[in-house]
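Please open the model in your viewer, with the sequence panel beside it, and follow the stops below in order.

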Amino acid sequence: MVRALGVDEKLELLVGAACVEASSAELACSPGPDLTGAVFRAAAGGRRVPLLKVLLSNACQNDCAYCATRASARVRRCTLSPDQLARSFDDMRRSGLVQGLFLSSGLCGDSVRTMDRLLDTVEIVRGRYQFTGYVHLKVMPGATDDQVERAGLIADRISVNLEAPNPARLGRIAPDKDFGALLGLMDRMRALRARIPGFAPAGPTTQFVAGSAGESDRELLACADGLYRGYGLRRAYYSPFRPVPDSPLQDVPPMAPARERRLYQADALLREYGFSADEIPYDDQGDLESGMDPKLAWALRHPERFPVEVNTASRQALVRVPGIGPTGARRLLEARRHATIRDLTQLARLGMRAETCAPFVLLAGRRPPMQMPLPLSG
């Protein structure tokens, strides 16, 4: 006879299941002396706070090939009630272990019922326990318009995970999911944000299980670019694929850390630097160069755009210079109102990587001295 699990034991299992799907760029797991043994830190409102990332249930009717809790996986299933999870979160918050909640769930039976239970949990946290801090809530595929609206009114951030960049790739790893329906859900979120002030103020996000479906970097970044431009997406996360034993993808190699790093660097070019996905440099297979920062690779392929005179160039031109980011460009635009920029030490004092900039800039009409070989990585 299988012994029934207590609330604390269920919580530990459900945090562990949530940990498997966490994106390393979105969340960093660190040990903690709490019931679960794990607390996550995530960006919330421009700062990093400790979050409880947890599933309401690890029971799921979908059989996604990459997932440790897919329908066909032989794992112990458990579910917490909205009351139980809300109370556990409040206990951890009052103990100083967490300052926010990241809540998701397996699709347990009817998607509408699952979404209602997630919403009920957050509403108990907000109402009964008077929590006003950061909440990230996953929106279930199949959620109704009313449920999406409720989610955006009670959570700071809501998300829909696409998992793959197009229908063909998604079909390989998640045959129960409909790519078009997921995009439709994101479009509803976009429309609600445009119509309702304060709706999901931290913005919507999505996640790809990168490296699981044989997709290229070009496919991932083209999808992300379309979401940023057409759906109001705030962030895309590239969760590195790690094979799960006894799963259909157990023999697929894990995604290399270098690939994850380059994807995030290229993604930043889309979000912050004004690049389009078509401008990102790829190799013949549609992948980023693993040994070079994508922005540097772009600059080397476009010598006609350089050198840039830092004293007169527009912000758009400055942020395309290797070694100058959005913050550095802003500081530079302000500094040159008061003085002419004549040497690399002035750029360094403004927070730029001066040696990286050197081959690509003019300083008051002069090329700066090359102090070191051209860098190959950012």
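How many aromatic pairs does the structure hold? The structure holds 6 of them, where rings of Phe, Tyr and Trp (its six-membered ring) pair if their centres lie within 6.5 Å, with planes under 30 degrees apart counted as stacked, over 60 as edge-to-face and the rest as tilted.

Before selecting anything, note that this is a predicted model, in which local features need pLDDT of at least 70 and side-chain atom pairs count only at pLDDT 80 or more, while totals for chains, interfaces and linings use all residues. Residues are numbered from 1 along each chain as its sequence is written, and side-chain values use heavy atoms, with hydrogens and water left out.

**The whole chain**

Among the contacts with a separation of 6 or more, 65% come from residues 24 or more positions apart, contact meaning heavy atoms within 4.5 Å.

**Aromatic pairs**

Select F89 and F131 next: these two form an edge-to-face pair, 5.0 Å centre to centre and with 80 degrees between the planes. The pair links distant parts of the chain, since F89 belongs to helix α2 (residues 82-94) and F131 to the loop between α3 (111-127) and β5 (134-138), 42 residues apart. F89 counts as buried at 1% relative accessibility, and F131 counts as buried at 5%.

Now move to F275 and W298, whose ring centres are 5.2 Å apart and whose planes stand at 85 degrees, so this pair is edge-to-face. F275 lies in the loop between α8 (257-272) and α9 (294-301) and W298 in helix α9, so the pair ties together parts that are 23 residues apart in sequence. F275 is buried at 0% relative accessibility, and W298 is buried at 2%.

**Backbone details**

Stay with F306 and look at its bond to P307, which is a cis peptide bond with omega of about 0 degrees; P307 is placed in the loop between α9 and β9 (308-309).

Then select E163, a residue other than glycine whose phi is positive, near 75 degrees. E163 sits in the loop between β6 (157-159) and α5 (167-173), and at 7% relative accessibility E163 counts as buried. A200 is not a glycine either, yet it has a positive phi of about 40 degrees; A200 is in the loop between α6 and β7 (205-210) and is buried, with a relative accessible area of 0%.

**A helix pair**

Finally, display helix α4 (residues 145-154) with helix α6 (residues 179-195), which pack at an angle of about 55 degrees with their axes 10 Å apart. To find the contact itself, select D145, V148 and E149 in α4, which meet L185, R188, M189, L192 and R195 in α6.

Technical notes. Axes fitted to C-alpha atoms, helices over the stretch in contact; angles between N-to-C directions. Helix = DSSP H or I, 4+ residues; strand = E, 2+ residues; numbered from the N terminus. Buried < 20%, exposed > 50% of the residue type's maximum accessible area, 1.4 Å probe, protein only.
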